[in-house]
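Visitor: I'm new to this one, could you bring it up and walk me through it?
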Amino acid sequence: MPARIPPELTGRLAGIPGLLCRPGEPLSRFSTLKIGGPAELLVEVASERALARLVREAAAAGLALHIAGLGSNVLYPDEGLCGVVARLSGGFRRVRIRGQRLSAGAAAVLGQVARRAARAGLAGLEALSGFPSTVGGAVFMNAGSYGTEMRDVVRSVRLVERDGRRRRVTMAELAPAYRRTALADSGAIVTRALFELAPGDPATLSARIEELNARRWAALPSGQPNVGSIFKNPPGDHAGRLIEACGLKGAAHGAAQISAKHANVIVNRGGARAADVLALMRRAHDEVAARFGVRLEPEVLLLGGLGALWRQGPDAGSAG
Ligand SMILES: Cc1cc2nc3c(=O)[nH]c(=O)nc-3n(C[C@H](O)[C@H](O)[C@H](O)COP(=O)(O)OP(=O)(O)OC[C@H]3O[C@@H](n4cnc5c(N)ncnc54)[C@H](O)[C@@H]3O)c2cc1C
């Protein structure tokens, strides 16, 4: 991985209150798949002001800046990422409730926010409580499950733009669609989300959370690192059904394996590399395309050079 960050810039960033710099931190620590080489510079960010300064410094130096959530929907490259990887912490974890409105920092864990809302008698987040996610990552992805998407419950979002300006937008202005928002194009960073919820009975809401989570974990592999669904569901069908129909449940490449429990999930059996995951994705994609004429689209975000490798075609998966 070529070093691109001048040491004097690292020194300057380290001097900004609210920034903690950790060069070479392995990204596998911040990935639920437990895959990924080093971040050239990992920066823990404790406040919006510090984030705005970091964004401006990175832009001025022409550095890539990736925001890491819980890493539950990303595939980091084996060779790591150049530039800055920022993790929001400190004040970004704070949650406030006022009436039926709940304001959560981007680093708050969505499942914990949902449980807190339920205890406060606020309904709407129960279906979003069962997957590992930060609030920021879920807004970015317009994450959803059991018929509820983030766009149904988030009213507005606070952002830091890539030029360091701060502003508030409505969720609708982020053009939320199936597992996508306009944040993928603008690169703006979510710092806080305002949820508009409905009144409900705390005991009923908490019971609903437990019921939905039990249902979810009955269908997913537990105890094996993964990123949930690898592919988006094609219109009117399920990626898992198509992959299973190709007989690929249990297929392996290196230490990566298509889960024997759910064909749209790839698990890391220990020591898997991003290249192994990409090779399995390629195999599933190509076999489904050949048999059903359906071209599956990745739901997992392929970072660094992995996106280009994927788009290059059939030989890409065996690279690395
Ligand atoms: C077991 C399992 C089950 C899952 N089930 C579901 C499911 O039912 N529904 C579903 O939608 N997803 C599901 N997922 C996928 C994943 O949990 C979601 O996509 C989640 O919202 C990702 O959040 P994260 O914090 O981990 O983000 P990451 O994976 O770390 O990042 C995802 C993207 O969001 C960006 N991002 C993160 N934080 C910010 C921020 N503050 N501002 C701007 N951009 C940001 C990142 O840069 C990256 O591009 C599942 C994953 C697992 C492991």
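Predicted model: local features only at pLDDT ≥ 70, side-chain atom pairs only at ≥ 80, totals over all residues.

Visitor: How many residues does the largest nonpolar core have?
Guide: The largest nonpolar core has 60 residues, and V45, V139, M150 and F195 are those with the most contacts inside it. Such a core is a set of buried Ala, Val, Leu, Ile, Met, Phe, Trp, Tyr and Cys residues joined through side-chain atoms within 4.5 Å, where buried means under 20% relative accessible area with a 1.4 Å probe, protein chains only.

Visitor: And what does F195 touch?
Guide: Leaving out residues up to four places away in sequence, F195 touches several residues, including L102, L110, M150 and V153; contact here means heavy atoms within 4.5 Å.

Visitor: Switching topic, what's the nearest side chain of opposite charge to R192?
Guide: That is E48, 6.2 Å away, and R192 is buried yet has no salt bridge, which would need a side-chain nitrogen of Lys or Arg within 4 Å of a carboxyl oxygen of Asp or Glu.

Visitor: Then which side chain does the side chain of R192 make a polar contact with?
Guide: The partner is the side chain of S103, at 2.7 Å, and a polar atom of the R192 side chain also lies 3.1 Å from the backbone oxygen of R94. A polar contact is a pair of N or O atoms within 3.5 Å; within protein, one must be able to donate a hydrogen and the other to accept it, and residues adjacent in sequence count only if both atoms are side-chain atoms.

Technical notes: Residues numbered from 1 in each chain as written. Heavy atoms only, no water. Buried < 20%, exposed > 50% of the residue type's maximum accessible area, 1.4 Å probe, protein only. Lys, Arg positive; Asp, Glu negative; His and termini not counted.
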